[in-house]
Amino acid sequence: MTDSFRSLQQLAAAIPDGARIAVAQDSCGVSMALTRALIRRKARGLHLVCVPISGMQADLLIGSGCVDTIETSAVSLGEYGSAPRFLAALRSGRLRLLEATCPAIHAALQAGEKDLPFIPLRGLIGSDIVRVRPDWKVMENPFADAARVAMGGDPIVLLPAIRPDVAIFHAPFADREGNVFIGRKRELLTMAHAAFRSLVTVERIIEGSVFDNPATAAGSVPAIYVDGIAVVAQGAAPVGLPENYVPDGALIRRYASAALSEEGFAGFVREWLQANAETDDNTIGSGHSTVGAVGAVPAVDASAALASKQGAAS
């Protein structure tokens with residue numbers, strides 16, 4: 001049995017203020033449980049990397065004062081409207097926005113997982129986004145053929161790799177060796193590869209190895225890329241976990257309305273934290289005691305985490 005199993009509070013404590021955090025989009029597995037834990041511990045100065053967009057998770061963290069910078073293609077509550085606290089923070093100048101596109105975020109993460117310093121990407125030149133991202137560089141393609149050179153060259157955009165300090169997401173289950181089943185959501189695997197550390201909440205723990213079953217082997221993150229796991233049933237609610245449970249539309253709609261004002265937002269968060277307090281406080285306890293006693297997850301040390309991953313992968 002792995003020693004990766006932790007309480008929700010221990011996972012949150014392992015994410016230092018100022019950390020660069022990769023978070024999943026709503027359709028992939030959002031750890032709303034870990035979001036609550038970060039709000040409770042009053043995390044500050046976080047840099048969110050949305051893969052490639054976010055919704056209620058980002059809005060809650062921003063409204064709670066946890067986020068200073070967000071790198072994203074969009075923040076929206078989808079059919080329930082705009083993200084009120086995200087927009088308010090932008091308008092007040094409190095939030096730094098690094099605008100991106102979905103392909104750009106995915107490509108930069110792929111560079112990160114390969115330990116490349118940058119990656120080229122087409123489809124950006126001619127848009128305003130290059131102008132507002134001075135860290136994206138335009139250069140001539142050194143491999144352009146003569147025909148393109150004769151027509152004026154072949155400029156291409158270079159994106160710096162994204163190497164998050166931590167990737168966080170929610171998944172259906174893990175086995176007792178610390179391997180996590182994510183199903184078809186391959187961007188979660190890219191996040192885990194690119195990040196120095198991955199902290200995951202899951203619905204349950206299964207017996208046996210996910211890699212012994214052909215139905216789960218291809219859709220799993222190996223334990224080498226998972227540094228901490230907390231068992232939290234309904235840990236993606238109210239956003240939902242695809243193929244497991246649907247979003248709680250009534251609660252999200254109520255949030256969208258309440259978050260239009262600071263007072264309404266504060267009241268919603270207070271009620272939401274209280275409603276989930278017992279579950280969150282017993283992530284290792286009733287129902288999960290077979291996992292055994294655990295220690296704290298060390299805080300992120302990017303250089304040590306990178307060396308560990310590279311050594312184990314070689």
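User: Does H2 pass helix H10 in a left-handed or a right-handed crossing?
Analyst: Helices are DSSP runs of H or I, at least four residues long and numbered from the N terminus. A crossing is left-handed if the near helix is turned anticlockwise from the far one by less than a right angle, and right-handed if clockwise. The way in which H2 passes H10 is left-handed.

User: What kind of model is this, and at which pLDDT do side-chain atom pairs count?
Analyst: Residues are numbered from 1 along each chain as its sequence is written, and side-chain values use heavy atoms, with hydrogens and water left out. The model is predicted, totals for chains, interfaces and linings use all residues, local features need pLDDT of at least 70, and side-chain atom pairs count only at pLDDT 80 or more.

User: How far apart are the axes of H2 and H10?
Analyst: Axes are lines fitted to C-alpha atoms, for helices over the stretch in contact, with angles from 0 to 180 degrees between N-to-C directions. H10 covers residues 262-275, and H2 packs against H10 at about 115°. Their axes are separated by 11 Å.

User: Which residues of H10 meet H2?
Analyst: Contact means heavy atoms within 4.5 Å. From H2, the residues taking part are Met32, Arg36, Ile39 and Arg40. On the H10 side they meet Val269, Trp272 and Leu273.

User: At what angle do H5 and H7 pack?
Analyst: H5 spans residues 102-113 and H7 spans residues 186-194. H5 passes H7 in a left-handed crossing, and the residues that meet include His106 and Leu109 in H5 and Thr190 and Met191 in H7. With axes 8 Å apart, the two helices pack at an angle of about 45°.

User: Is Leu87 buried, exposed or partly exposed?
Analyst: Leu87 lies in helix H4, residues 84-92. Buried means under 20% relative accessible area and exposed over 50%, with partly exposed in between (1.4 Å probe, protein chains only). Leu87 has 25% relative accessibility, so it counts as partly exposed.

User: How far apart in space are Leu87 and Leu260?
Analyst: In sequence, Leu87 and Leu260 are 173 residues apart. In space, C-alpha to C-alpha, they are separated by 9.7 Å.
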